[in-house]
Amino acid sequence: MTAILGKARILVEDFEPAFTGYFFLLSLSLSLSLSLSLSLSLSLSLSLSLSLSLSLSLSLSLSLSLSLSLSLSLSLSLSLSLSLSLSLSLSLSLSLSLSLSLSLSLTSPYYMQVMLGEHDLRVFEGTEQLVKTNTIFWHELYDYQTLDYDMMMIKLYHPVEVTQSVAPISLPTGLPDGGMLCSVSGWGNMAMGGEVNLPTRLQCLDVPIVEPVACQASYPGMISPRMMCVGFMDGGRDVCNGDSGSPLVCEGVLTGLVSWGRGCAEPNSPGVYVKVYEFLSWIQTTLDANP
């Protein structure tokens, strides 16, 4: 604006009509200045409207609109704002990758292996077969609060060798009768009263099937049609922590799986098992869909 006024003064000194040009140039300069300020405000409002979707666009638009007069100061402020936005973005991506890796480690079958033919956990007896898992099939109706539909199948990465220590077992063709004596095995806790005593050798216990009426009386409103009670009503012998998923074999048939209970070996608190018979259809459907 100073350069334009200088030229107008020279014209005034030469002759009178140029004086009108002085005001014309001045008014033109003012309108140009007003136009520039309107453009600047429009740029700022547009940047603010886009800041929610991309915060970096605000700093870039400001640097472009004011770079003519304050190029040095704006370049310094731009470098600071960019470094701040980059550091925030880096911390966000880091937390996301950590949560993702944790999720994969808990659910991916590639982090699991199955040991078959195990007997003594501390001794290699030559009967063991270590196999990677291929796929895990959770029952889609599993309820982590009521523990109903507590059933899962694991597909191994490759077939296993059938030996005297590793062999398939038959599935049930009906429900077990109350009082039937079965056997359960596992490496669960053998101590009572809050103490821990984990065995190194596989333990086995003969336990009776509890009548459904007595089972419901022990756990009112908590026993679903897919559950059954197994154990001694007077306590003293039972499965415990670490035995979950252990097989209950009745007359050579896989009749149940250890699921949950109240304490360990407490009176009137038998162990609660999954009725394998109630899942025959789901097992067959899963096998057919995943040959």
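Two strands count as paired if DSSP finds at least two bridges between them. Helices (H or I, at least four residues) and strands (E, at least two) are DSSP runs, numbered from the N terminus. This is a predicted model, in which local features need pLDDT of at least 70 and side-chain atom pairs count only at pLDDT 80 or more, while totals for chains, interfaces and linings use all residues. Residues are numbered from 1 along each chain as its sequence is written, and side-chain values use heavy atoms, with hydrogens and water left out.

**Stop 1: the sheet of six strands**

Select β5, β4, β7, β8, β9 and β6, in that order: these 6 strands form an open sheet with antiparallel pairing. β5 and β6 (227-230) are at the edges with a single partner strand each, so one side of each has no neighbour in the sheet. From one strand to the next the twist averages 35°; axes are lines fitted to C-alpha atoms, for helices over the stretch in contact, and angles run from 0 to 180 degrees between N-to-C directions.

Begin with β4, residues 181-186. β4 pairs with β5 (residues 203-208) in the antiparallel sense over 6 bridges, and Leu 181 stands opposite Pro 208 in β5. β4 also pairs with β7 (residues 247-250), again in the antiparallel sense, over 2 bridges. Here Val 184 has Leu 248 in β7 as its bridge partner.

Colour β4 by accessibility next. In a regular strand the side chains alternate between the two faces of the sheet. In β4 the covered face holds Cys 182, Val 184 and Gly 186, whereas Leu 181, Ser 183 and Ser 185 lie on the uncovered one.

Move to β9 (residues 271-275), where 5 of 5 residues are buried. For this tour, buried means under 20% relative accessible area, exposed over 50%, and partly exposed in between (1.4 Å probe, protein chains only). β8 (residues 253-260) and β9 pair in the antiparallel sense over 4 bridges, with Val 258 opposite Tyr 273 in β9. β6 and β9 likewise pair in the antiparallel sense over 4 bridges, and Cys 229 stands opposite Val 272 in β9.

**Stop 2: the sheet of three strands**

Now select β1, β2 and β3, an open sheet in that order with antiparallel pairing. β1 (113-116) and β3 are the edge strands, each pairing on one side only. Neighbouring strands of this sheet are turned by 50° against each other on average, direction ignored. β1 and β2 run antiparallel and are joined by 4 bridges; Gln 113 has Lys 132 in β2 as its bridge partner.

**Stop 3: helix α6**

Select residues 280-289, helix α6, and show Trp 282, Ile 283 and Thr 286, which are buried. These residues cover an arc of only 100° around the axis, which puts them on the same side of α6; the arc is that of the directions from the helix axis to the C-beta atoms.

**Stop 4: salt bridges**

How many salt bridges does the structure hold? There are 3, a salt bridge being a side-chain nitrogen of Lys or Arg within 4 Å of a carboxyl oxygen of Asp or Glu.

Select Arg 201 and Asp 120, whose closest N and O atoms are 3.3 Å apart. Asp 120 is buried, with a relative accessible area of 7%.

Select Arg 226 and Asp 148 next; the closest N and O atoms of this salt bridge are 2.8 Å apart. The pair links distant parts of the chain, 78 residues apart: Arg 226 is in the loop between α5 (212-218) and β6, and Asp 148 in the loop between β2 and β3. Both Arg 226 and Asp 148 are buried.

Finally, show the side chains of Asp 234 and Arg 237, which meet in a salt bridge (3.6 Å, N to O). Asp 234 is exposed, with a relative accessible area of 55%, while Arg 237 counts as partly exposed at 38%.

**Stop 5: a nonpolar surface patch**

Select Tyr 111, Met 112, Trp 138, Tyr 142, Tyr 144, Met 152 and Ile 154, which form a nonpolar patch on the surface with about 770 Å² of accessible area together. Patches are made of residues with over 30% relative accessible area and no salt bridge, like charges being joined within 9 Å and nonpolar side chains (Val, Leu, Ile, Met, Phe, Trp, Tyr) within 5 Å. Accessible areas come from the Shrake-Rupley method with a 1.4 Å probe, and for residues only the protein chains shown count as cover. Centre on Tyr 144, found in the loop between β2 (129-138) and β3 (152-156). Tyr 144 is exposed, with a relative accessible area of 64%.
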